[in-house]
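User: Could you take me through how to read a helix and its surroundings in this structure?

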Amino acid sequence: MELLTLWLWPLVALVVLPAMLVYFGLHVVGRGIIFVDLALAQIAALGIATAILLGADPDHSSLPYALAIAFTLAGAALFSLTRFRHPRVPQEAIIGILYIVAAAAATLVLSRTAAGDEEIKNLLVGNILLVSASEVLRTIGLFAAVGCFHFALRRRFHLVSFDLDEAERQGISVRFWDFLFYATFGLVVTSFVRIAGVYLVFSYLIVPAVCGALLSARTAVRLAIGWAVALTAGVAGLLISTQWESMDLPTGPTIVCIFGLLLAASGALAYLQHRRERGAHSGQNTHI
């Protein structure tokens, strides 16, 4: 009971908040823009770094969050404008360039602060164990609002992410809906970066979605698998890092490594599933 009281809000954050990240992860994988979440997270981190350079306290000031949102919306606009079908320049290349520029800029900005190295580490790795009740509840409220927005407009978002040709055939403004997607996605990423850091955001967005894609072709099943993977990694990482006292493991990197193990397990299951299906198909051909 004492352990539950001590780690209650980190546990709530790791159980409730990733649901929205897994949903966005399915869209990111479907669009084939794997590093967009990392890029948006890094752009948000650049906004936070700028606020720190201006003298704001990242834990007790609203300026870091405000600048993170502003920078993220600017990034969303750039990503929506750069979605073009160029045979030699995929959008992933543009996203990668924006990511590395934002990362370098954040490093330069924080190098001008007194605790630059420590702040860079905090932005990348985060510390989920220090999350407060107010942060978690505020983020849950934001995620719920974004979730309702996407549920109400799910058909348009689904077409733009998974069937671009059909979206264009129906006359849907792809750039406008791209901006809405990236803007709401950016709000989610920015909020979770402040709680858990860039690395954990990337892991929650991509690994569960890939595990789901390996094991099922149905979107609903992928989402369920992704939620199960995210829940397992978060709870297991929290327990291992806080209970394995002799190792004193940081929680964020522990969760990321567990994600890696779960991805490997999903790959093995997908391979066995594929072999079983091939065997059944061969058996049917033999009978024929």
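Analyst: The buried residues of helix H3 are Pro18, Met20, Leu21, Val22, Tyr23, Phe24, Gly25, Leu26, His27, Val28 and Arg31, where buried means under 20% relative accessible area, exposed over 50% and partly exposed in between, with a 1.4 Å probe and protein chains only. The model is predicted, so local features need pLDDT of at least 70 and side-chain atom pairs pLDDT 80 or more, while totals for chains, interfaces and linings use all residues. Residues are numbered from 1 along each chain as its sequence is written, and side-chain values use heavy atoms, leaving out hydrogens and water.

User: How many of the 14 residues of H3 are buried?

Analyst: Eleven of them are, and H3 is thus described as mostly covered. Helices here are DSSP runs of H or I with at least four residues, strands are runs of E with at least two, and both are numbered from the N terminus.

User: What span should H3 have, and how far apart are its end C-alpha atoms?

Analyst: The expected span is 1.5 Å times one less than the number of residues. For H3, residues 18–31, this gives 20 Å, and the end C-alpha atoms are 20 Å apart, which agrees. Just after H3, glycine 32 takes a positive phi of about 75 degrees.

User: Which side chain does arginine 31 join in a polar contact?

Analyst: A polar contact is a pair of N or O atoms within 3.5 Å; within protein, one must be able to donate a hydrogen and the other to accept it, and residues adjacent in sequence count only if both atoms are side-chain atoms. Here the side chains of arginine 31 and aspartate 178 are joined at 2.7 Å. Aspartate 178 lies in helix H11, residues 174–196, and is buried, with a relative accessible area of 0%.
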